[in-house]
Amino acid sequence: MSRQYLIRRLLIAIPSLLGISLVLYSVLALAPGDPFGELATNPAIPPEVAAALRAKFGLDDPVWSRYLHWLTAMFQGDWGFSFVSRMNVDTLILQRLPTTLIVIGAAQLLAIVVALPIGVLAATRPYSVFDQIANTLAFIGFSLPTFFTGLLLILLFSIKLDWLPFVFRDDITATGLQWLWEETKQSIMPVMVLGLFQGASLVRFVRSAVLDVVRLDYVTTARSKGIGERKVVVRHVVRTALIPVVTLVALQMPIVFGGAIVTEQIFRIPGIGSLLISSILANDTPVVMGVTFVFACLVVLFNLIADFLYAWLDPRIAFR
Amino acid sequence: MVEALLDIRDLKTWFATEDGLVRAVDGVDLRINRSETVGVVGESGCGKTVTARSVLKLIDMPPGRFAGGQILWQGRDLIPLQAAEMDKIRSKEIAIVFQEPMTSLNPVYTVGDQIAEVLREHEKLTRRQAIERAVEMLALVNIPNPKMRVHDYPHQFSGGMRQRVMIAMALSCRPKLLIADEPTTALDVTIQAQILELMQEMKEKFGMAIMLITHAMGVVAETCQRVVVMYAGKVVEEAPVEALFGDPRHPYTQGLIRSIPRVDRAAVHKERLEAIPGTVPSLLTPPPGCRFAQRCRFAKDVCTQAIPPLKEVSAGHFVRCVL
């Protein structure tokens, strides 16, 4: 992979983030709801005071000037102030982000670890019993929405069996192994729900990607080398089949974050997904802007990672 | 009679398809002696490639299966062999070069790594030793600047160069038999001659036997000692190359030879190229009797009743025809 390619990809990320922030800001400005809406209807606050507050926060300025104001503040590290939580947006997000990243990261890892071997095995034995079972389960898996499987798991493991907690706590006081155990116990269900949902669609994708490669001429060449079927599959089939899979995983990241919002809501996980929902309901615009922008950054970041993986997996790409 | 290097006896490779059983190779006998170049010729779909791939057991099973026969490699039958045993023969003793150099190399590995893979597997070389050997092999097949080119990817090579790489890869473990499955069909004419010349050169150097599969009779005349003509999954004629071109017995062989384009005649006498009328019969329901009978201008009643046996018309010259 050439260094030029790396740098070029990194530079392209900057204008895309700027564009995304502009769109986000405009949409939020157009959306109904006003952080100070409550003040206008509250009889205890005189209208002059409300107007003065609006003027102070620049709420009546034109959109472009507010956007530029927001952007310059962003560059200086000032992400704004939450009207509801009475704290800086960046502190608020940083409090919530690690939980989300851990849950999503673990879920994605689970999805890949499950989907890769199953998809490859299914494709190397097409229409076998294993393939049929894998296909059926995958079909069921991605047909069931996470809010349904989530509630089902809570009903089964938390309420009927009482094995796992159904409320996610970020204030666990235990230390050492006990802490790890508690954390694992409360993460199992959300990670399973998200991970298996992702994994189910990934299985079918891996299977078809492998099937596309398995019939190619160079796989026959590899077989004629006498290196054994395992090496043929791992080195010559899976390596090339991974190229489209990497793209899919990267392109699915926005969907994963979207799914995480729902999952966080169901399992009461104090991540940025649930922060986003509560901020939208409370008209806490600075937080909404901050969280959506963080989501956008994560999506762009994963696309970048995908591009690099892509160039590493397929030497033909980086040369262009 | 000395033991043949490869002795295929009554090989039947059949494929189960949705329409029924396709008898792609239906009772083929073929012998290749040490250091001998044998041409296998015939139209597309006559079973040449399936025969070649059967030898290395590169047929997908299912849908394919061996319905009978033996593939004796130095006296040992390859058909019942376990995968691990077969892998010791592949590339090490029998190597193959395919028709399509553009798609036969893996696009995501350097050509050096792909050649080295064979050497590391069979000769237990380290990566560095294997790459050194790959450089030697690339030099041997006349790839300029092999030290640099060994680290290039297949897409950085032209078709002819890729076929050279394939030959280098096939010969890297000094196999006793090289199967060349239409190695020049996908290349343009000037490159074709270069590749054939290279194979000839390699044969002189390494002394391996070659099974050259082709549908170009001109190529056969130039390079082979013995020729096997296949038609619809069966051998119809087998002869030393001089006998085949000098005295072709089977009407199909005669047709093949007449259909070799002759530039001089076409230009001077405005002669049209002669084609064999009709097409290869379906291998799903092969006609009883001689499979060429429908297209044969000498066909008689007996031809459609039973498959004629292979008979020896002169020393080493066999023909499957009642004439």
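Before judging the overall form, I noted that the radius of gyration is taken over C-alpha atoms, and that the globule rule is 2.2 Å times the number of residues to the power 0.38. I also noted that this is a predicted model.

Entry one, chain B. For 323 residues the rule puts a compact globule near 20 Å, and chain B, with a radius of gyration of 20 Å, therefore agrees with it. Along the principal axes, I found that its C-alpha atoms fill a box of roughly 65 × 55 × 45 Å. I counted eleven helices and twelve strands in chain B, and I saw that buried residues make up 46% of the 323 residues. Of the contacts in chain B with a separation of 6 or more, 64% join residues 24 or more positions apart.

Entry two, a helix pair in chain A. I looked up helix H1 (residues 3-30) and helix H13 (residues 285-313) of chain A, whose axes come within 10 Å and cross at roughly 155 degrees. Because angles over 145 degrees count as roughly antiparallel, H1(A) and H13(A) are roughly antiparallel to each other, and the crossing is right-handed. Among the residues that meet are Leu17(A) and Ile20(A) from H1(A), and Phe293(A) and Val300(A) from H13(A). By class, this contact has 17 nonpolar, four polar and two charged residues.

Terms used: Residues numbered from 1 in each chain as written. Chains lettered and ligands numbered in written order. Predicted model: local features only at pLDDT ≥ 70, side-chain atom pairs only at ≥ 80, totals over all residues. Axes fitted to C-alpha atoms, helices over the stretch in contact; angles between N-to-C directions. Helix = DSSP H or I, 4+ residues; strand = E, 2+ residues; numbered from the N terminus. Parallel < 35°, antiparallel > 145°, perpendicular 65-115°, else oblique. Left-handed = near helix turned anticlockwise from the far one by under 90°. Contact = placed C-beta atoms within 7 Å. Nonpolar A, V, L, I, M, F, W, Y, C, P; charged D, E, K, R; others polar. Buried ≥ 20, exposed ≤ 12 C-beta atoms within 10 Å, placed from the backbone.
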